[in-house]
Amino acid sequence: MPAKAAPAAAPAEPTRWPNYREGDFVIHDYRFRSGESLPELKLHYRTFGTAKRDAAGKITNGVLLLQGNTGTGANWLRPSLADELFLPGQPLDAAAYFVIMPDAIGRGGSSKPSDGLKGKFPRYRYHDMVATGHRLITEALDVAHLRLVIGSSMGGMHAWMWAEMYPNLMDGVVPISCQPVEISGRNWISRRAAAEAIRHDPEWKNGDYDRNPSTYVWTAAANSLRTESATRIQEMAPTRAAADQLYEERLAQAAKGDANDALWAIEAIMDYNPEPDLDKITARVLLINAEEDEANPPELGTVERAMKRVRHGRYVLIPAGPKTHGHFTHFYAEVWKPYLVEFMKTLGPPLAAAAE
């Protein structure tokens, strides 16, 4: 779906987590798949938890958490995720795992058009985002093995690519709110419409603007609600006055963003098509989607078709209920955590994949 505002939530306090730190990894003279390059490409990241190392000093118990299209890696610190996943006794207990949360290219503290290059920033794609993430964890963080790769929305799509590009790196992969097929149909059309709204904004000026364009935000505000459950939206806006207020809030939020950042982020997906290489995946896979996810409607049958190619894959479709949030169900671990706990029991001894 197009760039959308995530539901508001106060992030968990970073100091709650053992050994919490933030840092930047700089890749010099990085060449994108487009052929464009940057003298310095910066990736911001957050880590916490308890690292276990092999005889060479490499980390062997990493858990890589990949963000969605909006926000930053800190999305994983919101209480609806962190309190359900990282506390003692929870499936990703910080005493047992070394947790890594990068900011993807184009987001947060990582390099993006609004840093100064504006419309001259390279047109990055998902492959660039995954390849640079791999360099981050192996070169900057000395990770030799990942117990899990978990991603939501865009991060879920990246998780499929991680599993294909680096099949012996991880034991398990958990993509959430996504499909392992080429971006197409209504999903792509809605993304293209959002991109064209920016590109045809009279104030965009081929990306060389001094003041953020203001016309495209009127439709971006409405699109931001397509990732939430219609039932939850109705609860938030049960009257026309309440609906007007919700729209105004989303409009103000959309106006705070940067048009180039949004456009580049939307179009980064153009090289996403993991389906042809699904049989390269050796890790166990748990795909979790929500029945009421407009971005990934289950009636298409595309997931069932693709999952036949995954050797060790399971597909879970969460029915609509009082605790689901459409596409944004991935922000509420209470709903999908039981499937994660069950899945982790199937992974076998740590480092099983690395020993292959």
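Is Asp244 buried, partly exposed or exposed? With a relative accessible area of 40%, Asp244 is partly exposed, because the label covers whatever falls between buried, under 20% relative accessible area, and exposed, over 50%, using a 1.4 Å probe and protein chains only.

Before I go on, some ground rules. This is a predicted model, in which local features need pLDDT of at least 70 and side-chain atom pairs count only at pLDDT 80 or more, while totals for chains, interfaces and linings use all residues. Residues are numbered from 1 along each chain as its sequence is written, and side-chain values use heavy atoms, with hydrogens and water left out.

Let me stay with Asp244. Its side chain meets that of Arg240 in a salt bridge, 3.7 Å from N to O. By salt bridge I mean a side-chain nitrogen of Lys or Arg within 4 Å of a carboxyl oxygen of Asp or Glu. Asp244 and Arg240 both belong to helix H7, residues 240-255, and sit four residues apart, about one turn of the helix. Helices here are DSSP runs of H or I with at least four residues, strands are runs of E with at least two, and both are numbered from the N terminus. Arg240 counts as exposed because its relative accessibility is 69%.

Now the other salt bridges. The count by this rule comes to 22. In general, side chains of opposite charge can pair when their charged atoms come close. One of the pairs is Asp115 with Lys112, at 3.3 Å from N to O. Lys112 has 15% relative accessibility, so this lysine counts as buried. Another pair is Glu203 with Arg211, also listed at 3.3 Å, N to O. Glu203 is partly exposed at 23% relative accessibility, and Arg211 is exposed with a relative accessible area of 57%. There is also a network of salt bridges linking Arg123, Arg192, Glu196, Arg199 and Glu267.

Glu228 lies in the loop between helix H5 (217-223) and helix H6 (230-236). The side chains of Glu228 and His325 are joined by a polar contact of 3.3 Å. A polar contact is a pair of N or O atoms within 3.5 Å; within protein, one must be able to donate a hydrogen and the other to accept it, and residues adjacent in sequence count only if both atoms are side-chain atoms. Leaving aside residues up to four places away in sequence, Glu228 touches Ile233, Met236, His325, Gly326 and Phe328, where contact means heavy atoms within 4.5 Å.

On to the strands. Strand S5, residues 146-152, has seven of its seven residues buried, so the rest of the structure largely encloses it. S5 runs parallel to strand S3 (residues 62-66), with five bridges joining them; two strands pair if DSSP finds at least two bridges between them. Across that pairing, Leu64 stands opposite Val149 and Val63 opposite Leu148. S5 also pairs in the parallel sense with strand S6, residues 170-176, over six bridges. There, Ile150 has Val174 as its bridge partner. S5, helix H3 (residues 154-165) and S6 make a right-handed β-α-β unit. Right-handed means that, with the strands pointing away from the viewer, the path from the first strand over the helix to the second runs clockwise.

S3 is mostly covered too, with five of its five residues buried. Gly62, Leu64 and Leu66 point one way from S3, and Val63 and Leu65 the other way. S3 is also joined to strand S4, residues 98-102, by three bridges, and the two run parallel. Leu64 stands opposite Ile100 in S4. From S3 the chain crosses through helix H1, residues 79-85, to S4 in a right-handed β-α-β crossover.

Asn19, in the segment before strand S1 (21-31), has a phi near 60°, a positive value in a residue other than glycine. Asn19 counts as exposed at 57% relative accessibility. Asn206 is not a glycine either, yet has a positive phi of about 55°. Asn206 lies in the loop between helix H4 (185-199) and H5, and is exposed with a relative accessible area of 64%.
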